[in-house]
Amino acid sequence: MLKMPPVGEDMRIDAVDDNDTPIAVINRRDVFKQRANFRVAHDLIFNSQGELLIQRLASSRVRHPGYWGSSVAAYLFAGESYEGAAERRLTQELGIQEVPLEHVGKLSMEDEGCHKFVSVFSAVHDGPFRFDPDHIEALEFLPRPVIHELHALGSRAFTPTFLQVLGFYESRM
């Protein structure tokens with residue numbers, strides 16, 4: 001696998017047009033300032049009982065600190081494929097490798113004035129997981145109906161992207 005530079009605000013990503021075609025390379029930190037369209041991959045990891053792994057973002061995060069989100073979320077490096085990013089961040093965020101990912105599909109959504117393209121993958125893995133506590137505060141497997149109930153009751157904050165990704169996944173089932 002190609003060695004990628006560190007993930008962070010200085011990572012170089014593709015800015016894309018409304019058809020998800022690369023048109024420029026920019027720093028990740030400039031996406032929202034420039035209102036650039038961009039790409040991300042999300043992995044939904046289920047255990048053998050069908051429960052979905054969700055992660056609580058570290059409270060030190062700039063966007064959505066302490067919110068719950070997808071099992072794995074990844075900005076794509078410039079020139080990187082959706083699948084490559086999904087596999088790379090699975091290893092970086094959860095410490096697991098060689099997990100067969102199934103491509104669910106791709107959706108697009110608005111995110112703070114930008115158009116974001118999200119390719120969604122799913123897999124089954126029961127753990128154990130090794131995660132970076134500077135990035136992730138907690139991991140938890142929950143049945144999808146419980147996630148919906150927690151959201152409806154307002155007892156847990158979920159990232160807007162995760163809620164759209166989950167709805168998209170469920171519409172494809």
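Asp-20 lies in the loop between β1 (12-16) and β2 (22-27), in a structure that is a predicted model. The largest pocket has a volume of about 890 Å³, and ten of the eleven residues of strand β8 are buried.

**Backbone features in loops**

- Most residues other than glycine have a negative phi, and most peptide bonds are trans.
- Asp-20, which is not a glycine, has a positive phi near 65°.
- Asp-20 counts as buried because its relative accessibility is 7%, and the cut-off for buried is under 20%.
- Glu-98, likewise a residue that is not a glycine, has a positive phi of about 55°.
- Glu-98 is placed in the loop between α2 and β7.
- Glu-98 counts as exposed because its relative accessibility is 79%, and the cut-off for exposed is over 50%.
- A cis peptide bond runs from Gly-127 to Pro-128, with omega near 5°.
- Pro-128 belongs to the loop between β8 and β9.

**Strand β8 and its partners**

- Strand β8 spans residues 114-124 and is mostly covered.
- β3 and β8 run parallel and are joined by nine bridges.
- Within β8, Val-118 is the residue opposite Val-40.
- Strand β7 (residues 102-111) runs antiparallel to β8, and nine bridges join the two.
- Met-109 has Lys-116 of β8 opposite, and the bridge partner of Glu-110 in β8 is His-115.
- β7 and β8 form a hairpin with two residues between them.
- In the turn of this hairpin, Glu-112 has a positive phi of about 50°.
- In a regular strand the side chains alternate between the two faces of the sheet.

**Helix α2**

- Helix α2 (82-94) is among the elements that each supply at least two residues of the lining of the largest pocket.
- α2 has 13 residues and reaches 18 Å from its first C-alpha to its last, close to the 18 Å expected at 1.5 Å a residue.
- The buried residues of α2 include Tyr-82, Gly-84, Ala-85 and Ala-86.
- Arg-88, Arg-89, Leu-90, Glu-93 and Leu-94 of α2 are buried as well.
- The cover over the buried residues of α2 includes β3, β4, β6, β7, β8 and β9 (136-142).

**The largest pocket and His-135**

- Rolling a probe the size of a water molecule over the atoms shows where empty space is left.
- The lining of the largest pocket consists of 35 residues.
- Arg-28, Arg-61, Arg-63, Tyr-75 and His-135 are the lining residues nearest the centre of the largest pocket.
- By class, this lining has twelve nonpolar, eleven polar and twelve charged residues.
- β3, β4 (52-57), β6 (72-75) and α2 each supply at least two residues of the lining.
- His-135 lies in the loop between β8 and β9.
- His-135 is buried because its relative accessible area is 19%, and the cut-off is under 20%.
- Leaving aside neighbours within four places in sequence, His-135 is in contact with Gln-55, Leu-57, Ala-58, Arg-61, Arg-89 and Glu-93.

**Ala-36**

- Ala-36 is located in the loop between α1 (31-34) and β3 (38-46).
- Ala-36 is buried, with a relative accessible area of 10%.
- Apart from neighbours within four places in sequence, the contacts of Ala-36 are Ala-15, Ile-26, Val-31 and Cys-114.
- Ala-36 and Ala-24 are twelve residues apart in sequence, and their C-alpha atoms are 9.5 Å apart in space.

**Leu-150 in helix α3**

- Leu-150 is part of helix α3 (residues 144-153).
- Leu-150 is buried, with a relative accessible area of 19%.
- Not counting residues up to four places away in sequence, Leu-150 touches Leu-142, Ser-155, Arg-156 and Phe-158.
- Leu-150 and His-64 are 86 residues apart in sequence and 17 Å apart in space, C-alpha to C-alpha.

Notes: Residues are numbered from 1 along each chain as its sequence is written. This is a predicted model: local features need pLDDT of at least 70, side-chain atom pairs count only at pLDDT 80 or more; totals for chains, interfaces and linings use all residues. Side-chain values use heavy atoms; hydrogens and water are left out. Helices (H or I, at least four residues) and strands (E, at least two) are DSSP runs, numbered from the N terminus. Buried means under 20% relative accessible area, exposed over 50%, partly exposed in between (1.4 Å probe, protein chains only). Contact means heavy atoms within 4.5 Å. Two strands pair if DSSP finds at least two bridges between them. On a 1 Å grid over the protein atoms alone, a cavity is a set of points where a 1.4 Å probe fits but cannot get out, and a pocket is an open set with protein on both sides within 12 Å along at least five of seven lines; lining residues have an atom within 4 Å of a point. Grid points are joined across faces, edges and corners, and a volume is the space filled by probe spheres set on the points. Ala, Val, Leu, Ile, Met, Phe, Trp, Tyr, Cys and Pro count as nonpolar, Asp, Glu, Lys and Arg as charged, and the others, Gly among them, as polar. The expected span of a helix is 1.5 Å times one less than its number of residues.
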